[in-house]
Amino acid sequence: EALQLDSQSSRPGSMVSSTSCSSCKASMVYHFVSMFRIFSVRSASFLVLMALSFSRAEVYIPGIMSTSGVSKPVGKGTRPSQTQVDGDFYRSYQHNVLQSRKPFAVDKGFIDEVISLHSDKAKWLDAGAGTCGTMEYLRDHGVDVVGVELSPSRRTGCAKFLDSGDLKEAPLHLMPFQENQFDLVWSSEVLEHVPIGLVMKSVSQIVRVAKRDLFLTIAMKRSGFDPPPPALPKIHITVMPRKWWDAVFKFHGCVVNVAVRQQFMNKYPKATFFPYICNKNDMPVVSPRCLPAIEDMGECAISNNGDLNECTEKQHTVDKECQIV
């Protein structure tokens with residue numbers, strides 16, 4: 001899973017102070033520490049993350065996207081910049097959770113079928129390589145793959161790929177690759193971590209470096225470590241419906257590979273698949289009203305702290321204006 005940070009700094013950016021006091025935070029931390037004695041190691045990882053969340057006086061509020069990547073204030077009250085996430089929190093999440101887990105596609109069992117389906121694709125990009133477990137698996141199965149990852153790679157299994165030059169440390173919206181460089185861009189459980197203010201730029205870069213084909217999985221619900229609405233998420237910070245993502249990719253010139261999506265959805269119902277064909281010589285026609293509809297849907301989601309039940313009409317407008325079926 002990729003960790004998206006502002007390109008100018010590894011420190012958190014705009015924040016909103018929560019109502020807190022030192023005694024309240026001390027009490028919460030105390031209770032978390034006490035619970036460590038009765039939980040398993042895996043549960044302890046969860047508690048570390050939650051203690052970190054509650055012990056900080058700041059929270060990030062995701063925000064609306066723009067094609068320029070510079071977001072505007074939206075929603076209830078004053079919203080901060082939406083182009084950064086809490087780097088300290090994500091490093092803890094990666095160290096305490098991701099490093100000890102199998103890569104999502106390996107764990108769910110569909111990676112071999114993806115490899116088989118794309119056996120004619122000579123060069124792959126892993127966009128958001130995480131701890132590089134998927135890159136390792138792909139290499140072991142004969143795939144020529146390079147990766148891009150923003151989080152500190154030398155602290156994970158990515159170190160050797162960094163040393164060999166096969167991994168670049170960069171955010172998705174600033175990928176240092178040439179146009180049309182990759183036969184397949186693979187990205188698994190990444191875009192839900194990208195602040196919504198960087199979604200459009202990140203998707204545009206994914207499409208730019210691909211010759212034609214994309215295969216992504218994107219989570220469409222909050223992480224098990226995230227609280228339910230109306231609390232703000234810290235891990236899956238951009239949770240949007242499938243048709244919204246389809247509209248975003250259509251805006252950038254891609255259409256759904258319907259046959260491939262159906263093939264994988266039928267066999268692996270616990271994952272959400274986003275295979276696209278981006279034929280740059282025959283791009284889909286997009287209404288000028290498509291982008292405003294996408295942005296309005298994003299603003300609605302943010303204004304309601306991710307409660308998409310409040311945004312049904314906005315999504316219908318996206319479907320209509322972007323001609324998503």
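A: Let us begin with burial. A residue is buried under 20% relative accessible area, exposed over 50%, and partly exposed in between, with a 1.4 Å probe and protein chains only. Cys290 has 0% relative accessibility, so Cys290 counts as buried. This is a predicted model, in which local features need pLDDT of at least 70 and side-chain atom pairs count only at pLDDT 80 or more, while totals for chains, interfaces and linings use all residues. Residues are numbered from 1 along each chain as its sequence is written, and side-chain values use heavy atoms, leaving out hydrogens and water.

Q: In what order do the strands form the sheet?
A: Helices (H or I, at least four residues) and strands (E, at least two) are DSSP runs numbered from the N terminus, and two strands pair if DSSP finds at least two bridges between them. Here seven strands form an open sheet with mixed pairing, in the order 5-4-3-6-7-9-8. Strand 5 (167-169) and strand 8 (255-256) are the edge strands, each pairing on one side only.

Q: How many bridges join strand 6 to strand 7?
A: Strand 6 (residues 182-188) and strand 7 (residues 210-217) run parallel and are joined by six bridges. Within this pairing, Val185 stands opposite Leu214. Strand 6 also pairs with strand 3 in the parallel sense, over three bridges, and there Leu125 stands opposite Val185. The chain passes from strand 6 through helix 8 to strand 7 in a right-handed β-α-β crossover; a crossover is right-handed if, with the strands pointing away from the viewer, the path from the first strand over the helix to the second runs clockwise.

Q: Why is strand 6 described as largely enclosed by the rest of the structure?
A: Seven of the seven residues of strand 6 are buried, so the strand is largely enclosed by the rest of the structure.

Q: Which strands pair with strand 4?
A: Strand 3 and strand 4 run parallel and are joined by five bridges, with Ala127 having Val148 as its bridge partner. The path from strand 3 through helix 6 to strand 4 is a right-handed β-α-β crossover. On strand 5, the pairing with strand 4 is parallel over three bridges, and Glu169 is the bridge partner of Glu149. Strand 4 is mostly covered, with five of its six residues buried.

Q: Which residues have the most contacts inside the largest nonpolar core?
A: A nonpolar core is a set of buried Ala, Val, Leu, Ile, Met, Phe, Trp, Tyr and Cys residues joined through side-chain atoms within 4.5 Å. The largest one has 47 residues, and those with the most contacts inside it are Leu125, Leu191, Leu214, Trp244, Trp245 and Phe249. Elements that give two or more residues to this core include strand 3, strand 6, helix 8 (199-209) and helix 9 (242-251). Helix 11 gives the most, with eight residues. A second, separate core of 25 residues includes Ala105, Val145, Phe264 and Ala271.

Q: How many disulfides are there?
A: A disulfide is a covalent bond between the sulfur atoms of two cysteines. The rule applied here is a pair of cysteine sulfur atoms within 2.5 Å, and by this rule the count comes to four disulfides. With bonded cysteines counted along the chain, their pattern is 1-2, 3-4, 5-8, 6-7.

Q: Where do Cys254 and Cys278 lie?
A: These two cysteines form a disulfide with sulfur atoms 2.1 Å apart, and the link of Cys254 and Cys278 is right-handed, with 100° about the S-S bond. Cys254 lies in the loop between helix 9 and strand 8, and Cys278 in the loop between strand 9 and helix 11, so the pair ties together parts that are 24 residues apart in sequence.

Q: Is the link of Cys300 and Cys311 right-handed or left-handed?
A: The link of Cys300 and Cys311 is left-handed, with -95° about the S-S bond. Cys300 is in helix 11 and Cys311 in the loop between helix 11 and helix 12, 11 residues apart. By contrast, the link of Cys290 and Cys322 is right-handed, with 105° about the S-S bond. Cys290 lies in helix 11 and Cys322 in the segment after helix 12 (312-321), so this pair ties together parts that are 32 residues apart in sequence.
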